[in-house]
Amino acid sequence: MENSGVVKRTNGHLGVTEPISWSGPTEYDLIKTGELEKYLEGAGLYESHEEAVCREEVLGKLDQIVKLWIKKVSKANGFNEQFVQEANAKIFTFGSYRLGVHGPGADIDILCVGPRYATREEDFFIQLHNMLFEMPEVTELHPIPDAYVPVMKFKLNGVSIDLLYAKLPLWVIPEDLDISHDSTLQNADEKTIRSLNGSRVTDQILRLVPNIQNFRTTLLCMRFWAKRRGVYSNVTGFLGGINWAILVARICQLYPNAKPSMLVSRFFRVYTQWRWPAPILLCKIQEGTLGYPIWDPKRNFRDRLHQMPIITPAYPCMNSSYNVSSSTLHVMMEEFQRGDQISKAMEAGKADWDRLFEPYPFFEAYKNYLEIDITAGNDSDLRNWKGWVECRLRTLTLKIERHTFGMLQCHPCPREFSDKSRPFHCCYFMGLQRKKGVPVPEGGGGQFDIRVTVEEFKHSVSMYTKWKPGMEIRVGHIKGRNVPSFVWPSSPSKVVSRGRTSVRVRAVKAVEAVAKMADRFTDMQQLDEGTSTESTRSKRRKILYDKTEENGTQQGICSGSNIYIQDGGTIAPPSTPPTKEVIANAAGCSVEPSHTGKTVIQVRTPSGSYTQNGGAEELADLSLVWTPVKTTNNQRRPLRVRLSTVFRSSGQT
């Protein structure tokens, strides 16, 4: 049978189209590539020689274990002694280790191939599991037999291993078995095909790139970038290792003679302009002769719904990124655009690699979040419960998108967090925001009620067949200012993004600038006049008077005993309610003098609370509000920051 897994070079190039450029590297490319390699090395992405040797020893040890296991299975099945001696099982590596882009502490993806009489349910997940359990060098043993691709996770001599199993229709597994041939799949069950797919795809990718070393360096860079920017996670709806490998391999095909620095730049340029859902293909989709389903949107309605098709190059060709939703695609496209802008700035000498690899400020990016909080009775139960919930988080994103007709976008954080003060606990977060371009209904409406959606998600999660007492899940909405402190690696008030000052730091500087100006004036008229003449470039300021309603409540400011903030939070009013609001343009802030004799400066940032140095007392939350101010002739003036959280100091703001 012809091997459809091997694609021949046609017309001197690899891939489904001609390369965009055959150009080789310039001197600048060589310099930037050298800088990139040093940066990756400095970031600790390469393992040491000692760790590499340890991994090889672990692989040799595991090979001996599975060979001993299959002989025990053969003997238990009643085969004669000669057959037992000839019984064999073989392991294949795949994933990041096989691609050569694994780092220190990374796990090893391994496929175990066994004969037709060694079953997955009993022999692999029971007998082999029991053998591993009795070995002192094996720790953290965690079988997941009901996963989409069944896997056994454990550590062998401290090295993390994900072990898959494929049962082939052979009585004896030859030592020189080549699983890249399509004949390997003949009469195989679905789970075996899925398990074989990882190893077959990995080998095929390495065959389809023009320069393996350039591919590895570029992929190592892009994996690091994706993790720093929070878009590396297949399970939460972003992209996993195999997805990034295929994307990078396609860029290598389009620029076969380019060095890694240029490949990184072209990666962002190409995928910023890519018209999804046009698929990414490394080779033509092979129909095959075994009749297995392949990705084909013309025949399969479900395939037409995929947002970001990245097709595996080995038969049967599948979409490896079916988890991507419209929300996560939107997040990734924004990150591609940012990467493209920084790459262009680097070519102009206005940015460096540090700027590209800045961590994404997830908890500073949104005003609203969903917190998915899970607990269990012990460590083992938490590990099982967490794995079950995590695999279903993407369904919550899809449900929210569907129930809000795509108007509410979700940004899941790929990381998990844990409150150390609570035993057997972890939680996940999702950023929520209205889709850009969707107008807010008049009258202050436009809220999204997702309580039914959340209950549906919790109900589906509660169907866990291995549920035990103590396994609980709570899903709640929190404001950005109420994000728990354990998510921050350090004090949030000290967070400063590399290359630019964070919003909170800018807000502090704005407060100080306005305070200096406010101290020079004693009443509201002087303050208004002073702000009008503070800079010759500034235009006249406008005093907006809030009229008092007949019931004595001041519109938009005071209602009874509470001051209502725009986002719904409340703070206690001063003893005498304010009667005016001055919107000043100085330092981009607004100042509200009160009749208590103290200057009140309102400041908000989207990232949470902080306390300003100098004895300021925080009275409310933080978030930026942009207010358009109209002149007397109804012409709209430039947008200004209206800072709406009150800070009060003793004597001076």
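Predicted model: local features only at pLDDT ≥ 70, side-chain atom pairs only at ≥ 80, totals over all residues.

Trainee: Sheet first, then. In what order do the strands come?

Mentor: The order is E1-E2-E5-E4-E3, five strands in an open sheet with mixed pairing. E1 (90-94) and E3 (138-144) are the edge strands: each has a single partner strand, so one side of each has no neighbour in the sheet. From one strand to the next, the twist averages 25°.

Trainee: And E3 with E4, parallel or antiparallel?

Mentor: Antiparallel, over five bridges, with E4 covering residues 151-156.

Trainee: Now Ser-195. Where is it?

Mentor: Ser-195 sits in H6, which runs over residues 190-207.

Trainee: Is Ser-195 buried or exposed, and why?

Mentor: Buried, because its relative accessibility is 0%. A polar atom of the Ser-195 side chain lies 3.3 Å from the backbone oxygen of Tyr-165. Leaving aside residues up to four places away in sequence, Ser-195 touches Leu-111, Val-149, Leu-164, Tyr-165 and Ala-166.

Trainee: Switching topic: which residues of the largest nonpolar core touch the most other members?

Mentor: Those are Phe-215, Trp-225, Trp-244 and Phe-267, out of 58 residues in that core. Elements giving two or more residues to this core include H1 (27-42), H6, H7 (212-228) and H9 (260-273). H8 gives the most, nine residues.

Trainee: What does Trp-244 touch?

Mentor: Not counting residues up to four places away in sequence, its contacts include Leu-219, Trp-225, Tyr-232, Phe-267 and Phe-336. Another core, of 33 residues, lies apart from the largest one, and among its members are Ile-65, Val-66, Tyr-97 and Leu-156.

Trainee: Last one, H2. What span should its 28 residues have?

Mentor: At 1.5 Å a residue, H2 (residues 49-76) should span 40 Å, and its end C-alpha atoms are 41 Å apart, which agrees.

Trainee: Which residues of H2 are buried?

Mentor: Among them are Val-58, Leu-62, Ile-65, Val-66, Trp-69 and Ile-70, but also Arg-55 and Lys-67. After H2 comes Gly-78, with a positive phi near 85°.

Conventions:
Residues numbered from 1 in each chain as written. Heavy atoms only, no water. Helix = DSSP H or I, 4+ residues; strand = E, 2+ residues; numbered from the N terminus. Buried < 20%, exposed > 50% of the residue type's maximum accessible area, 1.4 Å probe, protein only. Polar contact = N/O pair within 3.5 Å; in protein donor to acceptor, adjacent residues only side chain to side chain. Contact = heavy atoms within 4.5 Å. Pairing = 2+ DSSP bridges. Axes fitted to C-alpha atoms, helices over the stretch in contact; angles between N-to-C directions. Core = buried A, V, L, I, M, F, W, Y, C linked by side-chain atoms within 4.5 Å. Expected span 1.5 Å × (residues − 1).
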